[in-house]
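Please look through the sequence and the model below before reading on.

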Amino acid sequence: MATGSESGHSDDAVGRELVIVGGVSGSGKSTVGALLAQRLEVPFIDADSLHPEANVAKMAAGLPLDDIDREPWLVRIGEVLAAHVDSGLVLACSALRRTYRDTIRAVEPTTVFVTLSGSRELIAARMNARADHFMPASLLDSQLAAFEPLETDETGADVSVDAEVDDIVAAAYRVVRPAAAR
């Protein structure tokens, strides 16, 4: 896997990283993303807030999105990242497939991806424990089936969620700022 140091940012760009914390619903993207943003001292946005209403309604009805539904959302994510190139940004976004990440990178090519992964049992338990979220646990299997790990030419790395949240955030930080984390 490529590392955050290969993201195209120079040393004077530290603090302006553009990061997507990805993974299936329930993997901890929002929690880890928000804490990583605090540690990097950059803004945080949950990409769920960028979904068109039609997508939210479809998911709330227990229907998975198709690629036609996702396309404008992914482009919007890339645009939001590009708009934060001076300030930096951590964005929580599933980014399950390579093609989705490629769509985002087509708009903002310096994006670093930190994908969160864990066992189906662990993630399902977390999904079942949370309240007031539009993504039902019944869609977990479709998300796990769609998930494609980062490939060696993609900037970023996978981080296991089978740990305490502080350890997960520290691992994500090491992906984004490997030199600073030594």
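At what angle do helix 3 and helix 4 pack, and how far apart are their axes? Helix 3 (residues 67-83) and helix 4 (residues 98-107) pack at an angle of about 40 degrees, and their axes are 8 Å apart. Here axes are lines fitted to C-alpha atoms, for helices over the stretch in contact, and angles run from 0 to 180 degrees between N-to-C directions. Helices (H or I, at least four residues) and strands (E, at least two) are DSSP runs numbered from the N terminus.

This is a predicted model, in which local features need pLDDT of at least 70 and side-chain atom pairs count only at pLDDT 80 or more, while totals for chains, interfaces and linings use all residues. Residues are numbered from 1 along each chain as its sequence is written, and side-chain values use heavy atoms, with hydrogens and water left out.

**The helix pair**

Among the residues of helix 3 that meet helix 4 are L74, I77 and L81, and the residues on the helix 4 side are Y100, T103, I104 and V107; contact means heavy atoms within 4.5 Å. By class, this contact has eight nonpolar, two polar and four charged residues, where Ala, Val, Leu, Ile, Met, Phe, Trp, Tyr, Cys and Pro count as nonpolar, Asp, Glu, Lys and Arg as charged, and the others, Gly among them, as polar.

**The sheet**

The chain has seven helices and five strands, and the five strands form an open sheet in the order 2-3-1-4-5, with parallel pairing. The edge strands, each pairing on one side only, are strand 2 (44-46) and strand 5 (156-160), and the twist averages 20 degrees from one strand to the next.

| Strand pair | Bridges | Sense |
|---|---|---|
| Strand 1 and strand 4 | four bridges | parallel |
| Strand 1 and strand 3 | four bridges | parallel |
| Strand 2 and strand 3 | three bridges | parallel |

V19 has the bridge partner V112 in strand 4 and the bridge partner V90 in strand 3, while D46 stands opposite A92 in strand 3. In a regular strand the side chains alternate between the two faces of the sheet. In strand 3, L89 and L91 point one way and V90 and A92 the other way, and all are buried; buried means under 20% relative accessible area, exposed over 50%, and partly exposed in between (1.4 Å probe, protein chains only). Helix 1 (residues 29-40) lies across strands 1, 2, 3 and 4, and runs at about 155 degrees to strand 1.

**The interior**

Buried residues make up 48% of the 182 residues in the chain. A nonpolar core is a set of buried Ala, Val, Leu, Ile, Met, Phe, Trp, Tyr and Cys residues joined through side-chain atoms within 4.5 Å. The largest such core has 25 residues, and those touching the most other members include I20, W73, L91 and C93. Helix 3 gives the most to this core, with five residues. A second, separate core of 21 residues includes V21, L40, V161 and V176.

Note on methods:
Two strands pair if DSSP finds at least two bridges between them.
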